[in-house]
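Hello,

Here is the structure I promised to pass on to you. My notes follow below it.

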Amino acid sequence: MTWNLNSAPKQTGRIAVVTGANIGLGFEVAMALAEKGCTVVLACRNMQKAEAAKADILTKHAKATVTCMQLDLSSLKSVHGFAAAFSKRYATLDLLINNAGIMMPPYTLSEDGFESQLAANYLGHFALTGLLLPVLTKTANSRVVSLSSLAHKWGGIRLDDPQFKTGYDKKKAYGQSKLACLMFAYELQRRLTQSGHTTLSVAAHPGVSATNLFQHMPKIIQVLSPLTSLMFQSAKGGAQPTLYAALGADIQGGDYCGPSAMGEMRGAPCKVGSNRASRDIAMAAKLWALSEELTGVRYP
Ligand SMILES: NC(=O)c1ccc[n+]([C@@H]2O[C@H](COP(=O)([O-])OP(=O)(O)OC[C@H]3O[C@@H](n4cnc5c(N)ncnc54)[C@H](OP(=O)(O)O)[C@@H]3O)[C@@H](O)[C@H]2O)c1
């Protein structure tokens with residue numbers, strides 16, 4: 001049977017953090033979680049945009065509890081600041097939705113010296129999850145949802161040059177960051193199981209969804225967007241696999257959720273498979289060690 005939000009139980013009393021919640025998929029996920037009764041923290045880099053999103057959510061769900069907190073995932077300083085502020089304010093965390101992302105921008109390095117997509121999409125979330133793990137693991141039935149993509153098949157993990165210091169290829173760099181997110185979700189679950197924690201780590205991808213993510217694509221694709229949007233699903237549709245991963249009763253640690261139709265580009269959410277590289281346990285361990293070294297965040 002197809003999962004949908006109506007089949008999920010009320011989430012009253014639960015706390016969710018959604019990164020990149022001011023627009024696109026993150027906004028739709030935050031809206032749905034607020035509808036279900038979660039206290040939702042909009043973790044966004046731009047507070048004005050976050051406040052506007054909060055106002056939109058409250059227009060539809062006047063009784064929702066929505067808070068805005070500043071988080072720039074491409075800055076380790078900001079990630080530490082967010083984690084400290086969150087842990088001071090909240091004693092539990094039920095859902096961490098690692099959603100924020102960028103796709104195929106021109107080459108830039110973050111303030112920490114990381115290629116911008118690896119920084120915002122992966123390393124920032126790696127650090128954030130590590131810093132929030134103590135509060136997650138002490139919360140019963142908590143989950144971490146990491147956003148991957150069909151693009152996880154576009155690139156491998158470049159252990160020798162993860163920051164693309166030579167030969168920047170924006171498509172491969174996006175693929176690397178999304179493969180890293182997926183490998184992280186699987187490896188985190190292995191580690192949670194080994195240490196006897198009940199927190200689940202799961203992954204999701206939206207298929208192809210018409211959002212701002214495509215702002216760096218060639219103009220021709222943007223001009224054709226009324227046509228391509230017929231193939232794409234709406235942001236609300238694209239949010240469904242994330243919501244299924246976060247709330248589905250039959251979800252197990254290490255599951256990966258995506259759309260069920262048109263080669264996983266659109267349709268109702270279901271559990272999906274991923275490529276062989278994403279399941280490479282030896283590479284996942286190397287990526288984990290590299291991520292701890294780069295971010296300075298050591299997991300317990
Ligand atoms: N749309 C798709 O077809 C698709 C397909 C596969 C995977 N995904 C994944 O889905 C996730 C959401 O994408 P989307 O389509 O909703 O894109 P979007 O509409 O462009 O939204 C991206 C969100 O991430 C935020 N963000 C970007 N960099 C950030 C940073 N350094 N720190 C904090 N927040 C940051 C953006 O904030 P600003 O508004 O301030 O820029 C925005 O809120 C991404 O991880 C993406 O890789 C999307």
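The buried residues of α8 are A235, G237, G238, A239, Q240, P241, T242, L243, Y244, A245, A246 and L247, where buried means under 20% relative accessible area with a 1.4 Å probe and protein chains only. This is a predicted model, in which local features need pLDDT of at least 70 and side-chain atom pairs count only at pLDDT 80 or more, while totals for chains, interfaces and linings use all residues. Residues are numbered from 1 along each chain as its sequence is written, and side-chain values use heavy atoms, with hydrogens and water left out.

Because 12 of the 13 residues of α8 are buried, the rest of the structure largely encloses this helix. Its cover includes α1, β4 (95-98), β5 (143-147), β6 (200-204), β7 (256-261) and β8 (266-271). Helices are DSSP runs of H or I with at least four residues, and strands are runs of E with at least two, numbered from the N terminus. α8 bends by about 30° at P241, the bend being the angle between axes fitted to the seven residues ending there and the seven starting there.

Now to the pocket, an open set of points on a 1 Å grid over the protein atoms alone where a 1.4 Å probe fits, with protein on both sides within 12 Å along at least five of seven lines; lining residues have an atom within 4 Å of a point. The largest pocket holds about 1100 Å³ of space. Its lining has 47 residues, and A100, G101, I102, M103 and L213 are the closest to its centre. α1 gives the largest share of that lining, three residues.

Best wishes

Note on methods:
Points joined across faces, edges and corners; volume = space filled by probe spheres on them. Buried < 20%, exposed > 50% of the residue type's maximum accessible area, 1.4 Å probe, protein only. Contact = heavy atoms within 4.5 Å.
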